[in-house]
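Please open the model in your viewer and keep the selection panel at hand. The stops below are meant to be followed in order.

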Amino acid sequence: MQILFKNIKELLQVREDKIDFISGKEMCVLPTLKNAFLLVKNGIIKDFGTMEDCPNIDAEIVDATGRMILPSWCDSHTHLVYAGNREGEFVDRIKGLTYNEIAENGGGILNSAKKLQATSEDELYKQSKKRLEEIILLGTGAVEIKSGYGLTKESELKMLRVIQHLKENYPIEIKATFLGAHALPKEFENSKPEYLELLINEVLPIIEKENLTDFIDVFCEKGYFSVNDTKLILEAGKKYGLQGKIHVNQFNAIGGIQEGIKHNVLSVDHLEEIRDIDIEALKNTQTMPVALPSCSYFLGIPYTPARKMIDHGLPLALATDYNPGSTPSGNMNFVVATACIKMKMTPEEAINAATINGAYAMNLQDKVGSITRGKLANLILTKEINSYNYIPYSFGNHSVDKVYLKGKEAKN
Ligand code: NIG
Ligand code: FE
């Protein structure tokens, strides 16, 4: 099966060779090809070039006159498997309570865990697949999904099995992350070591046996898990061959970044509170910093200082953090726009961050994230737009017309 996209006004993120990620210094460049063709065969990008070299072959033709094509968004940080919502807490925050006050009063992650524990695996799958279908139509072609709203052995495994079923049933690329250390359950209020032991000695072995996860995560934050807890979790993950992707520096900088780097984590995510020594520590590492601007938008907390980090040469990825508490939105178009508007990233930087750098933060850079021969044809075909700057400019709307996963149009 071949599809030939012709007369593409501009083909974005064109990379001749597979690369790992784009560093801060190079993020200002978005390589493109004007008046282009793109040939897809059996779900894979076979060839591209300018229209003068367009092959004359037997293929399904898509005329992309006036429109652009870019690789699908790569959303490297979500919690989109969850039960129910938390609109009540949203209203409480409008009335003046903080995110942490709500959590202390029985809301927050523990509130979602209570709902999830009482929800069957089938029902959880049903609720979650709707969110997955929604983000596919918004242009996301690769996504990471975390556990962490189970907080018991059974419910953490339930979440991971739901992610597994989503992987099996949808053409989008999915990576699973075990986030048992997301919050301390009430029953373990005075016995944190026992909870960590449960995760490490009881849950991880089953996860390995059933091959349920790709990465391990921990919420390293005051009132949640300390730097030392983070170390224990990352060491345990390593024993099972799991690389870390950690929540750090959301509300407080307590040294989690340095600990993560020691363990060669794939990504450090959030970073709303980042010190100069943290930026220094991240230089010349293989760890991708990940910013989650929709979370800052929704909670009213500071934005990750992307401009400063990129100006120091650090790479950056953008992701949604789709979850019921701090970011009830999985819209990468909004993330890209907000990164430009609030974090002063240029459109080139934001698109690099939301495609190839996001792919790296899921270890999917060989498969997605750029228009490169041999990669999956996970593509966004835009509406008619004048320039790619329009994509972040038209915030709140989106420029996505059609999306393709492995060369097939995804439909409602
Ligand atoms: O990434 N920071 C920790 N976890 C989630 C929010 C969890 C919740 O409020 O349900 C986050 O923002
Ligand atoms: Fe998160």
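What follows is a tour that goes from the sheet to its helices, and then to the ligand and the annotated positions.

This is a predicted model, in which local features need pLDDT of at least 70 and side-chain atom pairs count only at pLDDT 80 or more, while totals for chains, interfaces and linings use all residues. Residues are numbered from 1 along each chain as its sequence is written, and chains are lettered from A and ligands numbered from 1 in the order in which they are written.

Select the eight strands that form an open, parallel sheet in the order 6-7-8-9-10-11-12-13; strands here are DSSP runs of E with at least two residues, helices are runs of H or I with at least four, and both are numbered from the N terminus. Two strands pair if DSSP finds at least two bridges between them. The edges are strand 6 (73-75) and strand 13 (317-318), each of which pairs on one side only.

Contact means C-beta atoms, placed from the backbone, within 7 Å; axes are lines fitted to C-alpha atoms, for helices over the stretch in contact, with angles from 0 to 180 degrees between N-to-C directions. Then show helix 7 (residues 227-239), which lies across strand 8, strand 9 (215-220) and strand 10, at about 175° to strand 9.

**Ligand 1.** Display the residues around ligand 1, among them G108, I109, S112, F219, Q250 and S326, taking as near any residue whose C-beta atom, placed from the backbone, lies within 6 Å. Helix 3 (residues 108-117) gives the most to this shell, with three residues.

**Annotated positions.** For "binding site", an unreviewed UniProt entry lists R86, Y149, H182, Q250 and S326; such annotations may be inferred rather than shown by experiment.

Select H182, in the loop between strand 8 (173-181) and helix 6 (192-209). H182 counts as buried because it has 26 C-beta neighbours inside 10 Å, where the cut-offs are 20 or more for buried, 12 or fewer for exposed, and partly exposed in between, with C-beta atoms placed from the backbone. Beyond neighbours within four places in sequence, H182 contacts I109, G148, L151 and F219.

Finish at Q250, in the loop between strand 10 (243-248) and helix 8 (256-262), which touches E221, H270 and E272, not counting residues up to four places away in sequence.

Key: Contact = placed C-beta atoms within 7 Å.
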